[in-house]
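Keep the sequence at hand.

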Amino acid sequence: MPYVFFDTETTGISTPFVQILEFGAIKTDDDLNEIDRFFVRCRLLPHIVPSPGALLVTGITPDILLDEGLPSHYEAIQEIRRKLMEWSPAVFIGYNSFGFDEEILRQAFFQTLHPPYLTNTNGNVRSDAMRIMHAAHIYQPNTISVPADKRGRKTFRLDKLAPANGYVPSLELPRGVSDEDSQVYGDVEATIFMARLVKERANQIWENMERFRDQDQTIDFMMREPCFSLSERYFGRIYSWLVTFCGQNPNYKNQIAVFDTDFNPEEYLQLSVEELTMVLNKSPKAIRVVTANRQPIMMSAEEAPGGKTDPLVSEYERKRRIDVIRGDQRFVRRVGEALSQRFQPIEPSPYRELQIYDGSVSWEDQDLIDKFHEEPWETRIHLIEQIQDPRLVEFAHRLVYFERPELLSDRKRKEMDEWRAERIVTGGQLVPWMDLSKAFAELRELEEEDSSGRYSKFLKEVRKFLMGRGELRT
């Protein structure tokens, strides 16, 4: 199956409330040889206040943000979707993409009325190159060189990791896009470079992680393997445990519980569902939760890294514990129930962006929004009246407001003007997005840190841009 390596440059890091500014992707064959590449850049949405820090990192200037020659966000997302559908089915892979780029892409599709799960439906699967790097470092430490940060801790940041392993940028950017304009292709090519290293030097680990990109194979491995090594990286440190399957969420099959065999199972076997729920949420963790569709780092018990388990637990005792846990089906069922009750139901968020996982779209609404994308704008405004899902209704009105505001009624346009103003200037409210007050505070910090004046000109441009953004609120 071919691979699609991709990366995004965005207005910030709060994934539901930022936008893609640049998207780059390279399609390869299964030997990681390039087949095709794609790049798109778009202008800023009217209600978004970009993070000054994000602009400094990406080098995207205010002039680019407001360039009327660029496609709108909606137009760019449609281009991205068309290209990714053309390249499908494929393995979609980024660097730290599970935690960021995947969520950004899902939100972009969701907020432009497209099915959000393109990368893991219709034959597509997803992978995260950073997790593959973690696996290689844990289970075959000499595969890659992992540099240290300023505090002396190992860092897997791509901009540090790739050069430490010999990566030298060799960019072939699209016409009109210079190296200074965009680093998105550089990040994609660096990811491919690191993937090739692991594939060539540690092919068993590569193939193992490839297997665990498939959720069904992942679940099968955890249920079938009596004992296996599970690893994870938290706050700059890597941990590994010898675990065995002990439960599955009956309402969400991808959520699996495993028991750490360093713990004595007799202390847990008779606990009630309520007590097991408390065990799941406290540390140290006797029972760990694995999400099967997030490419967990697992290997056979024989390949577990040395010195990571309790030396006082003999091999015989560990096997006994495994047999006790896996042989107690009532315990396994109770753990599964505890998983399903782990988090109490919460009230839906008042923000539509945070409602992405609050239920699927009905077939009737899906038909309407498919038609929405095909009809002239003058017709689309009437289709909105037929949509039932309030999330889609809100996003549809936003799209019309962004693209053809004159088609809205005076009342609706005034309502949307007020919404945009509130997004930009929140009046001191605690909100989960970047507003002007947060942006100016961040800008002041950047100016104070720039003692050499290296970024002075850029930061002045950003300040001028933010002041102009404030004038848009009325």
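The model is predicted. By those classes, the second largest pocket is lined by 10 polar, five nonpolar and five charged residues.

That second largest pocket holds about 830 Å³ of space. Of its 20 lining residues, Arg106, Tyr252, Thr291, Asn293 and Tyr357 lie closest to the centre. Helices α4 (101-111) and α12 (329-340) each give at least two residues to the lining.

Now turn to the surface. Tyr234, Phe235 and Tyr239 make up a nonpolar patch there, with about 370 Å² of accessible area together. Tyr234 sits in strand β6 (residues 228-234). Tyr234 counts as partly exposed because its relative accessibility is 38%.

Next come the charges. Side chains of opposite charge can pair when their charged atoms come close. The whole structure has 32 salt bridges. One of them joins Asp149 and Arg151, at 3.9 Å from N to O. Arg151 has 65% relative accessibility, so it counts as exposed. Asp149, at 27%, is partly exposed.

Arg398 has a salt bridge to Glu353, with the closest N and O atoms 2.9 Å apart. This pair links distant parts of the chain: Glu353 is in the loop between α12 and α13 (363-374), and Arg398 is in helix α15 (residues 390-403), 45 residues apart. Glu353 counts as buried because its relative accessibility is 1%. Arg398, at 4%, is buried too.

Arg398 also forms a salt bridge with Glu394, at 3.1 Å between the closest N and O atoms. Both lie in helix α15, four residues apart, about one turn of the helix.

Conventions
Residues numbered from 1 in each chain as written. Predicted model: local features only at pLDDT ≥ 70, side-chain atom pairs only at ≥ 80, totals over all residues. Heavy atoms only, no water. 1 Å grid on protein atoms, 1.4 Å probe; cavity = no way out; pocket = protein on both sides within 12 Å on 5 of 7 lines; lining within 4 Å. Points joined across faces, edges and corners; volume = space filled by probe spheres on them. Nonpolar A, V, L, I, M, F, W, Y, C, P; charged D, E, K, R; others polar. Patch = residues over 30% accessible without salt bridge, like charges linked within 9 Å, V, L, I, M, F, W, Y side chains within 5 Å. Areas by Shrake-Rupley, 256 points an atom, 1.4 Å probe, with all protein chains shown as cover. Salt bridge = Lys/Arg side-chain N within 4 Å of Asp/Glu carboxyl O. Buried < 20%, exposed > 50% of the residue type's maximum accessible area, 1.4 Å probe, protein only.
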